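Reader: I am new to protein structures and would like to learn how to read one. Could you take me through it?

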Amino acid sequence: MLNSISERRVKLRDKYKLYIEVPDQEYLMIYDGDISENNARDVLSQYLSYHQDDARVDNVEVKHDRNNHSVNIQADLIYLGNDHTKARMYIPNHLRTENELEH
């Protein structure tokens, strides 16, 4: 799925606005048809980790565009005050144990 994502970033005053588009068949298959902010955050975490991007994510919105067969996610990326961010070891939600999901 990560290789199928289209991305656009817009620089704002103190952050970036990130817009990503995911083919809906891939998203719906992985997340069992659940289009939610929680799953959108999961996609963003995987995507940013994959690209070694240490931005903090805020204001996540997700919408299903049935006409375009895509799931569109937008979020703010914050870099200010993000010095020396610890590298992430990200495990997608669908690969985590119940105990890991609770924390």
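This is a predicted model: local features need pLDDT of at least 70, side-chain atom pairs count only at pLDDT 80 or more; totals for chains, interfaces and linings use all residues.

Reader: Which residues have the most contacts inside the largest nonpolar core?

Author: A nonpolar core is a set of buried Ala, Val, Leu, Ile, Met, Phe, Trp, Tyr and Cys residues joined through side-chain atoms within 4.5 Å. Buried means under 20% relative accessible area, exposed means over 50%, and partly exposed is in between (1.4 Å probe, protein chains only). Here the largest core has 18 residues, and Ile-5, Ile-20, Tyr-27, Val-43, Leu-44, Val-60 and Ile-73 have the most contacts inside it. At least two core residues come from each of strand E2 (16-23), helix H2 (37-50) and strand E4 (70-78). H2 gives the largest share, five residues. As for the labels, helices (H or I, at least four residues) and strands (E, at least two) are DSSP runs, numbered from the N terminus.

Reader: What is Ile-20 in contact with, leaving aside its neighbours within four places in sequence?

Author: Contact means heavy atoms within 4.5 Å. With those neighbours left aside, the partners of Ile-20 include Ile-5, Val-43, Leu-44, Tyr-47 and Ile-73.

Reader: How many aromatic pairs does a search of the whole structure find?

Author: Rings of Phe, Tyr and Trp (its six-membered ring) pair if their centres lie within 6.5 Å; planes under 30 degrees apart count as stacked, over 60 as edge-to-face and the rest as tilted. The search of the whole structure finds two pairs. Tyr-16 and Tyr-79 are edge-to-face, with 5.8 Å centre to centre and 90 degrees between the planes. This pair links distant parts of the chain, 63 residues apart: Tyr-16 is in strand E2, and Tyr-79 is in the loop between E4 and helix H3 (98-102). Tyr-27 and Tyr-31 make a tilted pair, because their planes are at 45 degrees, with centres 4.9 Å apart.

Reader: What joins the side chains of Asp-24 and His-64?

Author: A polar contact is a pair of N or O atoms within 3.5 Å; within protein, one must be able to donate a hydrogen and the other to accept it, and residues adjacent in sequence count only if both atoms are side-chain atoms. The one between Asp-24 and His-64 is 3.0 Å. Asp-24 sits in helix H1 (residues 24-30). Asp-24 is buried but has no salt bridge, and the nearest side chain of opposite charge, Arg-66, is 7.0 Å away. A salt bridge is a side-chain nitrogen of Lys or Arg within 4 Å of a carboxyl oxygen of Asp or Glu. For charge, Lys and Arg count as positive and Asp and Glu as negative, while His and the chain ends are not counted.

Reader: Where is Asp-53 found?

Author: Asp-53 is in the loop between H2 and E3. The Asp-53 side chain makes polar contacts with the side chains of Arg-9 (2.9 Å) and Tyr-79 (2.8 Å).

Key:
Residues are numbered from 1 along each chain as its sequence is written. Side-chain values use heavy atoms; hydrogens and water are left out.
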